[in-house]
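Here are a few notes to go with your first look at this one. Have the viewer open and follow along.

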Amino acid sequence: MAEIIRSIRGMNDILPEATPYWQVIETILKDVLAGYGYQEIRFPIVEKTELFKRSIGEVTDIVEKEMYTFEDRNGDSLTLRPEGTAGCVRAAMQNGLLNQTQRLWYMGPMFRHERPQKGRYRQFHQIGVEAYGFNGPDIDAEMIMLTARLWKALGLKGVTLQINSLGSTEARLAYREVLIAYFEQHQSELDEDSQRRLHSNPLRILDSKNPEMQALNDAAPKLIDYLDEESKQHFEQLCQILDSVDIAYEINPRLVRGLDYYGKTVFEWVTDQLGSQGTVCAGGRYDGLVAQLGGKEATAIGFAIGLERLVALLEATDALPEIKQTDAYLVAVGEQAMAQAALLTERLRDELPGIRLISHCGGGSFKSQFKRADRSGARWTLILGDEEVSNQTIGIKTMATGEQQTIKWAELPSFLSQ
């Protein structure tokens with residue numbers, strides 16, 4: 001007997017009992033995005049490896065340890081996308097979308113080879129939102145207001161907003177030297193990853209998830225004290241807008257984000273309901289990335305929401321959306337009844353668009369079919385036998401109460417629309 005082939009560790013199936021929740025959540029997200037004028041873009045899940053090396057940064061966990069990279073038959077190095085921003089920028093540049101302002105969103109799987117745990121998987125799903133060509137803090141505020149509206153539309157509570165500014169490239173370079181000097185004085189306290197990053201990318205040390213590094217990081221010089229004047233004003237204006245619309249936030253000077261392309265505004269929505277994987281949504285400005293990838297200078301900002309974490313958070317806080325159940329399940333026994341069942345159900349679908357109607361297939365007794373109807377969660381079971389066909393009637397059982405009645409076929413569309 002052949003061995004059963006199982007899924008790859010960290011790449012999970014989403015089963016039929018769960019997918020209705022995903023569909024409702026995705027619909028809510030799409031509706032809110034449409035309300036702000038964002039349009040969907042779709043791009044490949046495989047890109048040239050160089051795209052991610054140049055955008056994310058070679059001295060990052062993602063590029064160094066986590067990317068699924070392989071050579072194709074032509075010898076080209078390709079990578080399953082570990083995040084969406086770089087691919088979105090590449091698609092926008094390649095297709096001439098950056099000649100004017102753009103508000104875009106995308107949804108789909110991302111891939112990172114890391115140790116699977118709750119809220120962190122090797123294949124995970126994100127909805128990403130990007131805006132190009134907007135200079136001021138108003139678009140930064142719009143991104144945050146949009147996410148706040150998403151939580152409201154989902155009925156989600158228990159998430160808090162953290163914001164920070166990474167300043168200009170010049171400000172970060174000056175701060176970099178201050179940070180190196182500080183960590184050099186405490187070199188013996190650095191873990192292995194931090195030792196390696198000390199001179200290549202010291203800001204990444206602040207992003208360390210190692211609990212033993214937290215006290216050292218908390219005492220480090222703060223980037224916000226080294227911001228350039230323009231970045232200070234940009235950040236202050238952002239805070240003023242958020243104050244004006246009553247969106248609460250915490251300024252977190254340790255929030256640096258994990259990717260090299262960020263500058264100025266960065267933000268995260270976090271929760272304490274999911275253990276160590278507490279970031280539900282994260283984003284920020286990346287004004288230099290388009291030029292870094294070979295295009296003309298273009299301002300840009302975006303965020304991404306991890307859908308697995310969002311679903312888990314909704315479940316943990318009893319906020320999963322209500323799912324529309326099956327309306328009716330038709331059982332049919334007898335040669336004439338089985339022949340009539342398909343015709344009757346198709347007419348109902350024509351007259352009642354959107355009805356959720358299951359017609360039993362595979363035969364069986366009334367008893368066995370009723371068991372299937374009960375498991376379906378249908379509101380009503382429709383009962384068709386040869387006698388009902390002769391009389392052009394149908395039996396109806398209301399599953400919640402057990403009440404049964406018989407009506408004419410012509411009355412059925414009106415009954416099912418109630």
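1. A term to start with: buried means under 20% relative accessible area, exposed over 50%, and partly exposed in between (1.4 Å probe, protein chains only). You'll find I45 in the loop between β1 (39-40) and β2 (46-48); helices (H or I, at least four residues) and strands (E, at least two) are DSSP runs, numbered from the N terminus.

2. Some housekeeping. This is a predicted model, where local features need pLDDT of at least 70 and side-chain atom pairs count only at pLDDT 80 or more, while totals for chains, interfaces and linings use all residues. Residues are numbered from 1 along each chain as its sequence is written, and side-chain values use heavy atoms, leaving out hydrogens and water.

3. Now G133, in the loop between β6 (123-132) and α5 (137-154). G133 is partly exposed too, with a relative accessible area of 38%. Leaving aside residues up to four places away in sequence, G133 touches T101 and T299 (contact means heavy atoms within 4.5 Å). G133 and R103 are 30 residues apart in sequence, and their C-alpha atoms are 9.2 Å apart in space.

4. Two or more lining residues come from each of α1 (19-35), β6 and α12 (307-316), and α12 gives the largest share, six residues.
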